[in-house]
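Q: Could you take a close look at one strand and its neighbours for me? I'd like one connected walk-through, with the cut-offs spelled out as you go.

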Amino acid sequence: MAQEMTRRQGRPQHVRSRLPMRAVVFEHFRTPPVVAHVPDPACPPAGVLIEVRSTGLCRSDWHGWMGHDNGIALPHVPGHELAGVIAEIGPSVAGWQVGDRVTVPFVCACGTCATCLRGDGQVCERQSQPGFTHWGSFAELVAIGRAQINLIRLPDQMSFDVAASLGCRFATAYRAVRALGRPEPSDWVAVHGCGGVGLSAVMIAAAHGSHVVAVDISPDALDLAREAGAAETVLATGENDVPAEIVDITGGGARVSIDALGSLQTCTNSILSLGRRGRHVQVGLMLGGDQDPPIPMSRVISYELQLFGTHGLAAHSYPSLLAEIEAGTLAPHELIARTIDLTQACEALTRMDEQPGVGITMIHP
């Protein structure tokens, strides 16, 4: 009752008074981040502050630290995959309480633009992204705007690690496979790159009856892909013809092929791995010199291929994903390899390119 009266009186709700939060901060791109006490973020009038209980370490965070995203203002706190509890509620937010267990998509939508009104909040015209457009979740608190549109209530039994791991990689892979690739049971699906998003795509496709061939340069990553459900694997040595091997394994080419890494080589291999009328889904970010790669368009035309890009999963699409996890159809917890603290996250972030590791790393602030 007291909380309801507070909201009606137009004042934000707070969990408790506290010291300035701890966060991973970098002052300049490509320079070592540090853990520091920094001011708490302000709670948006139509948003919330979330006390972060778990946040994922993603290659996109490394790209941000490298300066590949020109929308980042310095100093900066990275992190965009998160789960936790609501710590403060803005005065115009209804239907949520301090202490509610929540997660958010990494693309937070405005809910009012024409794209959002069509149901495509993952490519909102006025989107915000924690860890990119504003300070992110490698911290004790993170601000999320438009709470009514972007908050996702967690099932009571779902751990914060599992919920946070969905935010970018697993949710993006889910849409890539289920909404865009749309393989039928017994179709062949090729997954190029077996990091977090690739392993997620392997698990999701295999769980729905597809035959998956996984590709990576790391034998350890391919071992994890087999555990996630891959029927076949291809070790990309730099000398072998990956598309030819996939065409041979699949008996004519995959029905769906996913570039889960993002490079000229993996994008090209993915397209050339497809059989006729196949579908390529680009999940991995294409940056640097590969930002606008040449596409084997003659193959696209002659095989009548379809090319898709994907950019996450809108909040309103999460219920089906959460339901599959609750039912045991999908097991994202199996992809979590380790948990670290904020201090360890500083080094892990800067070394992602040279030491990507296998599986998903979660950070506990």
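**Strand β13 and its surroundings**

A: Let's start with a pairing: β13 and strand β14 (residues 306-309) run parallel and are joined by four bridges. Strands count as paired here if DSSP finds at least two bridges between them, and the elements themselves are DSSP runs numbered from the N terminus, helices being H or I with at least four residues and strands E with at least two. Before going on, note that this is a predicted model, where local features need pLDDT of at least 70 and side-chain atom pairs count only at pLDDT 80 or more, while totals for chains, interfaces and linings use all residues. Residues are numbered from 1 along each chain as its sequence is written, and side-chain values use heavy atoms, with hydrogens and water left out.

Back to the β14 side: Gln-282 stands opposite Gly-309 in β14. Right-handed means that, with the strands pointing away from the viewer, the path from the first strand over the helix to the second runs clockwise.

Now for β12. Strand β12 (residues 254-259) also runs parallel to β13, with five bridges joining them. If you want a spot to look at, Ile-258 has Val-281 in β13 as its bridge partner. Here the helix is α9 (residues 264-272), and β12, α9 and β13 make a right-handed β-α-β unit.

So how enclosed is β13 (residues 274-282)? Seven of its nine residues are buried, so the strand is largely enclosed by the rest of the structure. Buried means under 20% relative accessible area, exposed means over 50%, and partly exposed is in between, using a 1.4 Å probe and protein chains only. As background, side chains in a regular strand alternate between the two faces of the sheet.

For contrast, have a look at the loop between α5 (160-181) and β9 (188-192), where Arg-182 lies. Arg-182 is partly exposed, with a relative accessible area of 36%, and its phi is positive, near 50°, though the residue is not a glycine. Ser-186 lies in the loop between α5 and β9 too. Its phi is about 80°, again positive in a non-glycine, and Ser-186 is partly exposed at 47% relative accessible area.

One more backbone detail: a cis peptide bond, with omega about -5°, joins Leu-74 and Pro-75. Pro-75 lies in the loop between α2 (59-66) and β5 (82-89).
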